[in-house]
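Please open the model in your viewer, with the sequence panel beside it, and follow the stops below in order.

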Amino acid sequence: IIGQTADPAQIENYLQPLEVQNYRDKTYTDWFDLLTRDAAPLSQYDLSVSGKTAKTNYYLSGSLTSQNGVVIGDDFKRSTLRANFSNQINEWLNIGLNASFSHRDYSGQAVEFRERATFASPLSTVYADKKNNILNMWPHDDQVTINPLNTLNAKDEEIQDNLFSIFTVDIQLPKLKFLKYHFDYSNGLQFYKHNEFWGTDT
């Protein structure tokens, strides 16, 4: 407060009740450590199969990716499938299909690392019931600063699916080697879903 001088001997007078208890117990919260990871681990698994017969070539592949961001709750998952086929129907006709599908999952809310964490006291009481992982909405009783971890209680589903394919036809008549006809048809579909619910505990 302007015009007043802080007195270290009276520090408890400047604190909220929860902060006072934590100050006496020497219980401190490192919000940066609590809201972040030391790294952003990435896991990726790939599998592919290819082969051919006298008239057919094929290639199949799949991939799974999972990454956790540095900020808690900032996570991402992706799965992809790809299939390529070509078949020589007869001496003058060849057909092919290239198709790919991807599923992306951005679900989940990252913790409020900026505004809420900036104002959160190091003398906060993070959990109302730590054993049952129940967060304390107001970590230092001031009814102003909401627990930065509360965003993890939000119900957030964000899914994106993409399907893309190309169909090809090649025609080359035996008696007209100098003339070749090539036809492509492509199409893509995208599906996006985003649902959020923020309850009273967020």
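Begin with the surface, bearing in mind that this is a predicted model. Select strand 2 (56-68) and strand 8 (181-197), each of which supplies at least two residues of a nonpolar patch. Then extend the selection to the whole patch, which covers about 800 Å² and is made by Val 49, Tyr 58, Leu 60, Phe 85, Leu 97, Phe 167, Tyr 181, Phe 183 and Tyr 185. Strand 8 contributes the largest share of this patch, with 3 residues. Tyr 181 has its place in strand 8, and its relative accessibility of 46% makes it count as partly exposed.

**The whole chain**

Clear the selection and look at the complete protein, which has 3 helices and 8 strands. Followed along the sequence, these elements come in the pattern α-α-β-β-β-β-α-β-β-β-β. Among the contacts with a separation of 6 or more, 61% are made by residues 24 or more positions apart.

**Helix 1 and the segment before it**

Now select residues 17-25, which are helix 1, and colour Glu 19, Val 20 and Asn 22, which are buried there. Gln 21, also placed in helix 1, is partly exposed, with a relative accessible area of 39%. Just after helix 1, Lys 26 takes a positive phi of about 55°.

Next, display the side chains of Glu 12 and Arg 24, which meet in a salt bridge with an N to O distance of 2.9 Å. Glu 12 lies in the segment before helix 1 and Arg 24 in helix 1, 12 residues apart. Glu 12 is partly exposed at 29% relative accessibility, whereas Arg 24, at 53%, counts as exposed.

**The loop between helix 2 and strand 1**

Move on to Thr 36, in the loop between helix 2 (31-35) and strand 1 (42-52). Is this residue, Thr 36, buried or exposed? Thr 36 is buried, because its relative accessible area of 13% is under the 20% cut-off. A polar atom of the Thr 36 side chain lies 2.5 Å from the backbone oxygen of Phe 32. Leaving aside neighbours within four places in sequence, Thr 36 is in contact with Val 70, Val 71, Ile 72 and Phe 113.

Select Arg 37 together with Asp 75, whose side chains meet in a salt bridge at 3.4 Å, N to O. Arg 37 belongs to the loop between helix 2 and strand 1 and Asp 75 to strand 3 (residues 75-88), so the pair ties together parts that are 38 residues apart in sequence. Arg 37 is partly exposed, with a relative accessible area of 24%, and Asp 75 is likewise partly exposed, with 28%.

**Strand 2**

Return to strand 2 and select Ser 61, which lies in it and is buried, with a relative accessible area of 18%. Beyond its neighbours within four places in sequence, Ser 61 is in contact with Leu 47, Ser 48, Thr 80, Leu 81 and Arg 82.

**Two loop residues with positive phi**

Select Asn 133, in the loop between strand 5 (127-129) and strand 6 (134-135); this residue has a positive phi of about 60° although it is not a glycine, and it is exposed, with a relative accessible area of 55%. Then go to Gln 143, in the loop between strand 6 and strand 7 (155-171), which also has a positive phi of about 60° without being a glycine and counts as exposed at 52% relative accessibility.

**Strands 7 and 8**

Finish with Lys 193 and Glu 157, which form a salt bridge whose closest N and O atoms are 3.5 Å apart. Lys 193 lies in strand 8 and Glu 157 in strand 7, so this pair ties together parts that are 36 residues apart in sequence.

How values were computed
Residues numbered from 1 in each chain as written. Predicted model: local features only at pLDDT ≥ 70, side-chain atom pairs only at ≥ 80, totals over all residues. Heavy atoms only, no water. Patch = residues over 30% accessible without salt bridge, like charges linked within 9 Å, V, L, I, M, F, W, Y side chains within 5 Å. Areas by Shrake-Rupley, 256 points an atom, 1.4 Å probe, with all protein chains shown as cover. Salt bridge = Lys/Arg side-chain N within 4 Å of Asp/Glu carboxyl O. Helix = DSSP H or I, 4+ residues; strand = E, 2+ residues; numbered from the N terminus. Buried < 20%, exposed > 50% of the residue type's maximum accessible area, 1.4 Å probe, protein only. Polar contact = N/O pair within 3.5 Å; in protein donor to acceptor, adjacent residues only side chain to side chain. Contact = heavy atoms within 4.5 Å.
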